[in-house]
Amino acid sequence: MGGTVKKNDEIRNRLIAAEHLSLSYGSAAPVVSDVSFSIVPGEIFCIVGESGSGKSTLLKAIMNPEEFGVRICGGEIQNASFLMRTDRKKGRGKDAGIGMIFQNPGASFNPVRTYRKQFQETLKSNGLFRGEETWQEVLCMLDSLGLADGGRILDSCPYEMSGGMNQRIAIALTMLLRPRLILADEPTSALDVTLQEQVLDELLRARELYGTAILLVTHNLGVAAKMADRIAVMREGRFVECQSAENVLHSPEDSYTKELLAAVPRIPQNTSKSQSVFSGSRPEGRSGERKEKYAGSCTSPILEVRHLEKSYHQGRRDIHAVQDISFSVHEGEFLGIVGESGSGKSTVLRQIAGLEKPDGGEILLAGEALAPKRTKEDYRRMQTIFQEPVSSFDPRIRIGKSILENQKNLCRKNDFSEEVSGELLKQTGLSADLRDRYPSQLSGGQCQRAAISRAIAVHPKVLLCDEITSALDVSVQARIIRLLVRLAREKGMAVVFVSHDIALVSAICSHILVMKDGACVEYQETGKLMEHPQNEYTRQLLGAVLQV
């Protein structure tokens with residue numbers, strides 16, 4: 001009898017529970033199958049797994065399946081005091097105590113309305129707006145997430161901010177609603193390690209102050225190690241392992257979990273002799289010269305950036321986004337650019353790609369200065385893979401056709417076919433039949449791999465990568481990196497790799513450039529920078545890396 005009472009108490013205390021849950025989109029086959037779990041107040045439950053495994057679909061089903069086109073085709077999500085099966089639209093805001101942090105921060109805001117208007121509307125609709133008192137609370141929350149210039153930010157629009165800044169602002173708004181349960185879909189994937197630490201600390205503080213429970217989807221096992229009470233490992237729509245965080249991370253039972261742990265990039269202890277976590281050694285540069293890696297390759301760089309400058313006018317202020325940035329990349333080399341969101345990394349890539357005109361400096365490709373107006377051949381030789389892959393595709397065109405169009409527009413050959421696009425998708429670890437899907441029908445990680453397929457389809461000499469692995473789990477990330485390393489070696493392709501993951505950058509790049517507030521604070525060979533960082537900010541980045 002006592003056992004039955006205890007079990008009933010546990011059931012009543014659950015905020016939410018899924019029992020043998022299966023989910024699909026329309027009449028298609030289930031993408032989530034026979035999943036069961038529960039969450040109690042104050043618990044942090046993490047779900048890890050590869051892109052396309054069904055993690056985000058599970059969150060959508062909890063939030064509002066009808067709104068996201070998700071069909072519950074088996075089992076159920078059991079109701080809690082704030083999440084009624086009979087009316088899921090009440091499962092939000094002050095009526096529900098449930099909040100959502102999306103993987104794509106663009107899903108949280110209207111891009112052309114100021115944050116101030118959007119914050120005010122959201123807080124008013126939840127009965128939480130109290131005039132000036134609320135604005136002070138908003139500014140304090142923004143400051144705690146590393147956004148010190150809160151007044152300027154509130155009067156800005158989302159399109160004016162980087163992806164990482166938009167993500168932190170979205171997290172701030174969710175935290176201000178003080179939900180009892182937060183559904184967080186890759187909330188730190190767009191953030192550098194120092195800002196990631198701040199955001200995670202704020203989520204932990206919400207649990208301590210308000211007893212907030214968190215269902216956290218992440219591919220970052222370092223984040224899971226810091227946050228989770230329990231971890232579920234998801235693969236192909238099923239939980240292959242669900243245990244305490246300690247057991248999953250240190251005594252995994254499933255072979256897939258072991259693969260994930262083995263694929264985590266780690267900062268090498270001896271950088272001068274270290275092997276990359278991926279195939280082969282990290283390419284090392286030498287002081288004053290580069291090793292020739294390809295027969296007939298010259299010692300001059302394939303890409304050279306000299307004293308790049310870019311400013312933006314905002315009201316009466318000039319924002320110096322890029323200040324005197326210079327670097328060079330040779331054939332077959334990886335250059336890593338690291339720094340916090342908003343530091344100017346993506347702006348540098350946009351100037352190089354010809355998407356924005358620099359205010360000063362010059363960009364040379366194969367020794368020739370690039371004109372502000374790029375030619376078709378310039379675009380073919382230098383391809384960009386963007387941070388937000390879904391928005392880089394035309395939503396009305398199927399993935400396979402997008403890949404073929406890029407080839408037809410930039411290459412001289414005319415013998416393209418659907419089979420070619422399928423083979424390119426396979427190279428990045430995707431099924432060839434995904435070529436018939438639209439971008440909205442792919443997960444964020446799948447869409448990113450499709451974007452990589454589209455870029456390499458035209459055989460570029462320089463690949464500009466803007467946080468291209470931020471939406472990928474570690475096993476898929478390792479596969480993509482191996483592919484890029486192989487292409488760089490075989491074809492002499494240079495890669496400029498922007499990332500907030502300094503552990504990943506240190507494993508694949510010969511040189512690293514560290515940016516802060518638009519300026520270069522350090523630019524060295526990887527081995528030297530990792531062993532003897534000269535700048536205090538670089539040391540902070542290295543110290544903030546979350547280890548598994």
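Predicted model: local features only at pLDDT ≥ 70, side-chain atom pairs only at ≥ 80, totals over all residues.
**Entry 1: Ser22.** I located Ser22 in strand E1, which spans residues 16-25. I then checked the side chain of Ser22 and found one of its polar atoms 3.1 Å from the backbone nitrogen of Asp34. Leaving aside residues up to four places away in sequence, I listed Val32, Ser33, Asp34, Arg71, Ile72, Cys73 and Gly74 as the residues that Ser22 touches.

**Entry 2: Gln167.** I placed Gln167 in helix H8, residues 163-176. Gln167 has a relative accessible area of 0% and is therefore buried. With residues up to four places away in sequence again not counted, I noted that Gln167 touches Ile101, Phe102, Gln103, Pro105, Glu186 and Pro187.

**Entry 3: helix H2.** I went through helix H2, residues 55-63, and found 7 of its 9 residues buried, so I regard H2 as largely enclosed by the rest of the structure. The buried residues of H2 are Lys55, Thr57, Leu58, Leu59, Ala61, Ile62 and Met63.

**Entry 4: helices H17 and H18.** I examined the axes of H17 (residues 444-456) and H18 (residues 474-491), which come within 12 Å and cross at roughly 10°. On the H17 side, the contact is made by Arg449, Ile452 and Ile456; H18 contributes Val476, Arg479, Ile480, Leu483 and Leu487. I classified the residues of this contact of H17 with H18 as 6 nonpolar, no polar and 2 charged.

Conventions. Residues numbered from 1 in each chain as written. Heavy atoms only, no water. Helix = DSSP H or I, 4+ residues; strand = E, 2+ residues; numbered from the N terminus. Buried < 20%, exposed > 50% of the residue type's maximum accessible area, 1.4 Å probe, protein only. Contact = heavy atoms within 4.5 Å. Axes fitted to C-alpha atoms, helices over the stretch in contact; angles between N-to-C directions. Nonpolar A, V, L, I, M, F, W, Y, C, P; charged D, E, K, R; others polar. Polar contact = N/O pair within 3.5 Å; in protein donor to acceptor, adjacent residues only side chain to side chain.
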